[in-house]
Amino acid sequence: MKRLYNKCTLGLGIILTVSILSGCGGKTEAWAYTHEPTEQILALSDNGKATYKGSEYTYTKDDSYITLKDKSGSEENLRYEMNGELMTLYEKSTYTRQGKAEGDGIVGVWTQDNGWSFQFTEDGSFSEENIFFGHYSVDEAKSCIRLMYDDPIEDAYLYYSLDGDKLTVAYPWPMVRVQK
């Protein structure tokens, strides 16, 4: 009887140790913006649970999108790209055209309530937040805007959609694994 008790105790000890070391559904991926590498923005657990900007979700992931689903069933698709150990996460923001349309497509001044803005001119120039300037091109087939900055900043590729006077932009944010 004592041997059986010792075997059970040993077995339970091994199971407990393995459970603690494996994390029981612990976070397998924790991501932060490169400019704030210690502040977690996105965590994806191997049990299908996710945290994004402090809110809880379930998720699925393929080679291009992370699909987050909240408790009410609403879904949000986050485009992403991997480059080795780095991720570019495309976060969506919606802008409203100011004034009447000045031309086709994205030409015009676009703002958000928080003051963020884009201005796209017919001659291919742009202004981002009235701080960054440069030229842009549009690939309508891919719904992509390429921003080519005047400053020594890497070109940015934004995915977009237009719905009347609403411009939704998926802006690229470079991400790193959370640093402790």
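Which strands each supply at least two residues of the lining of the largest pocket? Strands S6 (75-83), S7 (86-98), S13 (156-163) and S14 (166-177) do, strands being DSSP runs (E, at least two residues) numbered from the N terminus. The model is predicted: local features need pLDDT of at least 70 and side-chain atom pairs pLDDT 80 or more, whereas totals for chains, interfaces and linings use all residues. Residues are numbered from 1 along each chain as its sequence is written, and side-chain values use heavy atoms, without hydrogens or water.

**View A. The largest pocket, of about 920 Å³.** Of its 32 lining residues, Ala156, Tyr171, Pro172, Trp173 and Pro174 are the closest to the centre. (On a 1 Å grid over the protein atoms alone, a pocket is an open set of points where a 1.4 Å probe fits, with protein on both sides within 12 Å along at least five of seven lines; lining residues have an atom within 4 Å of a point.) S7 gives the largest share of the lining, eight residues.

**View B. The second largest pocket, of about 190 Å³.** Among the 13 lining residues, Arg79, Lys92, Tyr159, Tyr160 and Ala170 lie nearest the centre.

**View C. Surroundings of Phe120.** Beyond its neighbours within four places in sequence, Phe120 is in contact (heavy atoms within 4.5 Å) with residues including Ile106, Trp110, Phe126, Tyr136, Ile145, Leu147 and Leu167.

Notes:
Grid points are joined across faces, edges and corners, and a volume is the space filled by probe spheres set on the points. Helices (H or I, at least four residues) and strands (E, at least two) are DSSP runs, numbered from the N terminus.
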